Amino acid sequence: MDITTAAQRIQELEKTNRILAKQLSRSESNRQQIELQHETSATFLRQVIQELQTSQVRLEERTQTLETTLQELRLTQGKLVASEKMSALGTMVAGVAHEINNPINFVHGNLSHVNLYSQDLLHLLKLYQQEFPATSSKLAIAIEAIDLPFLEQDLKKTLQSMSSGTDRIRKIVNSLKIFARLDEAAYKYIDLHESLNSTVLMIQNRLDATEDRAAIQLVTEYRPIPQVECYASALNQVFLQLLNNAIDAINDQSIQHPIWKQIPQVRIQTNYDGATDSITITIGDNGCGIPETIRPKIFDPFFTTKPIGQGTGLGLSTSYQTIVGQHKGQLYCRSVPAHGTEFVIHLPLRQSLVISDTPHQQDNQDQQHGD
Amino acid sequence: MKDAPIVFQAVISHSNDPDTLSAAIELIEHSQRQLAGAIAQTGILFAAPDFEHQVLLRHISQAFPHLQLIGGSSDAEISSEMGFQEDSCVLVLFHSDEIEMVVGIGHELSQNAAQATATAIAQAQSQLTQPSKLCITFADGLTQDGNQVLTGLQAVLGDHFPILGGITSDQMRFQQTRQFFHNAEINNAVMSDAVVVLLFAGPLQFSHRTAQGWTPLSQKGEITKVGGTTLTEINGQPTLEFYRPYLNGAAPTVEYPLAIFTAPDNEQFYLREPIRSDPMTGSLTSTASFPETGTVQIAYGEREKLIAASQQGFIQALADYDGNHPAIVLLFSCATRRVVLGTRTTEEYHVVQSLNQLQLPIIGFYTYGEIAPLNYNQPSEVHHATLVSLIIGT
């Protein structure tokens with residue numbers, strides 16, 4: 001190696017040495033910077049993660065609140081729709097009852113006068129026959145033509161039949177008014193048997209025989225029960241719902257099992273339990289029953305097994321609200337698929353006692369009023 | 001007969017020798033070899049703060065007697081010759097027969113930024129025979145608000161005039177940065193509190209893009225009290241209180257810049273990095289001013305995203321270039337990116353270099369604030385933690 005080359009080599013080595021020394025000092029400060037950066041980065045990200053977690057919890061709570069609110073809104077909407085329907089039905093029923101009531105009262109009231117007048121006329125006719133026995137041939141022919149002895153007997157029966165007919169119409173009208181209960185917007189003491197009978201009247205035509213089945217036999221087993229403090233119109237809607245469901249179940253059973261041999265039957269039972277001071281109403285049928293899988297959902301809003309457009313899925317949920325929410329009672333069902341279903345209602349006899357006994361429920365009650 | 005192509009030559013040289021004289025000799029010899037007798041008219045020099053800058057300038061100006069030069073101290077340097085380097089110096093020299101390139105300087109920025117910038121532009125423009133087309137600038141951001149510097153330049157050149165460059169830096173010491181200047185009248189000036197400009201005029205083509213890649217991650221806050229480059233309150237509380245839970249009470253550093261949203265309900269933001277904080281007032285200071293109002297979030301720099309953004313920015317700059325003969329790529333990257341990228345800083349350069357199929361010379365430095373349009377076709381702004389790619393040619 002010559003001197004020039006050696007000098008160049010030394011220069012290069014000196015340069016390399018300078019660069020390495022500089023890089024070493026810089027790398028040490030960079031290392032410290034990276035360590036610090038690593039620590040602060042971990043702290044920063046930990047805080048951000050914590051905030052995200054808090055935000056996620058808040059979001060979940062908000063979602064839950066929104067879901068609950070949505071559920072309540074849908075239920076309220078459904079109740080409003082149902083209430084509107086029932087209100088319209090009640091108004092119509094009450095209107096029809098009112099319109100029929102007056103003319104039928106005229107007829108019924110005048111029937112007694114007609115009876116009296118016809119008796120008087122028959123009596124007068126008898127007197128004529130006694131005072132003027134030598135009758136003309138024209139009179140004899142006319143008496144024979146109208147079969148006067150039969151007329152005398154049948155006129156009385158006809159008038160009695162008309163009287164019982166108008167009496168029945170008056171009872172039906174009264175039942176319609178009881179069902180509608182438009183004048184009863186608050187808790188009142190009600191004869192539940194009267195309510196049940198008036199509701200049965202509303203579904204009477206559905207009990208008749210159809211192409212698929214025989215006429216439905218309605219069996220009522222009413223035990224003596226005291227009057228119950230309740231919202232009569234709301235309870236009538238529950239009875240109507242349960243009776244309609246019972247008939248639907250029987251119709252489904254008839255369609256699903258064309259060779260079904262049993263007599264279709266709807267049973268209504270009532271009972272009073274003195275120990276709990278409550279009334280039990282059972283509405284049962286021997287229809288198709290409810291499968292065990294869907295039984296937990298039947299009181300859920302918008303749950304329905306009916307085809308789209310035929311059921312809102314609100315009937316039983318609204319009934320549940322009425323019995324449990326509004327009357328602090330119980331509503332549950334027992335069912336055996338293909339054998340039948342029983343819906344059982346327990347109602348406290350007096351709402352005021354339930355409310356004063358349970359302050360918590362007072363709030364709910366107030367809320368129900370608010371609804 | 002076909003016109004002869006316009007001559008526009010850019011030669012670069014890079015030395016990582018910490019010895020100033022040796023480094024100067026390396027830069028000069030390498031540049032002279034590449035120029036092959038052509039006269040260097042203008043140049044840009046970036047040098048780490050530990051060099052004897054005046055010695056560097058003196059040797060360079062002596063070697064290239066007709067040279068007009070600007071530059072500044074840098075946090076780190078980049079070139080296609082040596083890639084990413086710390087404690088190095090890098091020089092680009094320009095030669096052209098038709099493109100005019102002239103320099104200007106304004107002193108005492110802190111006293112009057114408008115006057116300093118106007119002086120610098122006037123000095124440069126007085127030498128031009130054609131309208132200027134591009135301005136490259138470097139300025140002191142520790143003595144004056146970077147926005148004030150830019151506003152001063154825009155007041156003279158126009159709001160939409162392309163002004164690109166950076167705030168000079170000093171390896172995160174935040175003590176004193178230097179601006180370099182040399183021409184026939186002012187020789188080998190190494191200044192602080194100054195602004196230097198390089199104006200281009202003539203048949204020049206250029207394109208540029210700004211890459212960001214940061215993610216705002218903290219809770220949002222509203223700016224409630226500002227004094228220029230000092231942000232005093234967020235949400236009615238001292239600014240440091242806003243940072244406290246995220247940094248466990250430690251002073252905010254450049255790695256945690258504030259994303260400042262440009263408009264309510266707008267996802268676009270620019271970044272301001274804290275260079276110092278005051279525990280007494282709870283305020284922090286940056287090299288460019290904060291807006292009087294606005295929504296802020298502490299941003300986080302994920303390395304992958306920063307590198308991906310750099311790559312995308314350069315791809316777009318290449319796509320935007322309308323000329324036929326690009327001559328050089330200038331990169332102005334934020335010192336914060338270097339800190340966050342750490343050992344992966346070289347990757348930022350390599351993704352650019354991998355796309356550089358024409359093997360264009362690349363030169364750049366790490367700044368305390370980048371000056372360029374943040375979005376395409378918008379006026380220039382001062383922003384932090386970005387990478388500006390500028391392609392110049394004919």
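How many residues lie between β10(B) and β11(B) in the hairpin that they form? In this predicted model, the count is six, and one residue of the turn, B:Asn188, has a positive phi of about 50 degrees. The two strands pair in the antiparallel sense, and three bridges hold the pairing. One of the residues involved is B:Phe181, whose bridge partner in β11(B) is B:Ala189.

Strands of a sheet pair through backbone hydrogen bonds, and they can do so in a parallel or an antiparallel way. Here, six strands of chain B make an open sheet with mixed pairing, and reading across it gives the order β1-β6-β2-β3-β10-β11. At the edges sit β1 (8–15) and β11 (189–191) of chain B, each of which pairs on one side only. Going from a strand of this sheet to its neighbour, the turn is 15 degrees on average, with direction ignored.

Strand β3 (residues 68–73) and strand β10 (residues 179–182) of chain B run antiparallel and are joined by four bridges.

Helix α2 (residues 53–63) of chain B lies across β2 (42–47), β3, β6 (89–96), β10 and β11 of that chain, and runs at about 155 degrees to β2(B). It also has a helix for a partner. Two packed helices are described by the angle between their axes and the distance between the axes. For helix α1 (residues 20–35) of chain B and α2(B), the axes come within 9 Å and cross at roughly 30 degrees. Angles under 35 degrees count as roughly parallel, and α1(B) and α2(B) are therefore roughly parallel to each other. The crossing of α1(B) past α2(B) is right-handed. On the α1(B) side, the residues that meet α2(B) are B:Thr20, B:Leu21, B:Ala24, B:Leu27, B:Ile28 and B:Gln32. Facing them from α2(B) are B:Val55, B:Leu56, B:His59, B:Ile60 and B:Ala63.

Zooming out to the whole of chain B, its secondary structure comes to eight helices and 27 strands. The chain has 394 residues, and 62% of them count as buried. Taking contacts in chain B between residues at least 6 apart in sequence, 80% join residues at least 24 apart.

Charged side chains come next. Over all chains, a search of the whole structure turns up 23 salt bridges. One of them brings together the side chains of B:Glu86 and A:Arg26, at 3.2 Å from N to O. This pair joins two chains, because B:Glu86 lies in the loop between β5 (83–85) and β6 of chain B, whereas A:Arg26 lies in helix α1 (residues 3–131) of chain A. Is A:Arg26 buried or exposed? Buried means under 20% relative accessible area, and A:Arg26 counts as buried because its relative accessibility is 8%.

A:Arg26 also meets B:Asp87 in a salt bridge, at 3.4 Å from N to O. This pair crosses between chains too, running from helix α1 of chain A to the loop between β5 and β6 of chain B. Both A:Arg26 and B:Asp87 are buried.

Within chain B, B:Glu347 forms a salt bridge with B:Arg344, and their closest N and O atoms are 2.8 Å apart. B:Glu347 counts as partly exposed, with 30% relative accessibility, and B:Arg344 counts as partly exposed at 21%. Elsewhere, salt bridges that share partners link A:Arg26, B:Asp75, B:Glu86, B:Asp87 and B:Arg338 into one network.

Finally, a look at a histidine in chain A. A:His193 is found in helix α4 (residues 192–203) of that chain, and counts as buried at 14% relative accessibility. With neighbours within four places in sequence left aside, A:His193 is in contact with A:Tyr222, A:Arg223, A:Ile225 and A:Thr270.

Definitions and conventions
Residues numbered from 1 in each chain as written. Chains lettered and ligands numbered in written order. Predicted model: local features only at pLDDT ≥ 70, side-chain atom pairs only at ≥ 80, totals over all residues. Heavy atoms only, no water. Pairing = 2+ DSSP bridges. Axes fitted to C-alpha atoms, helices over the stretch in contact; angles between N-to-C directions. Contact = heavy atoms within 4.5 Å. Salt bridge = Lys/Arg side-chain N within 4 Å of Asp/Glu carboxyl O. Buried < 20%, exposed > 50% of the residue type's maximum accessible area, 1.4 Å probe, protein only. Parallel < 35°, antiparallel > 145°, perpendicular 65-115°, else oblique. Left-handed = near helix turned anticlockwise from the far one by under 90°.
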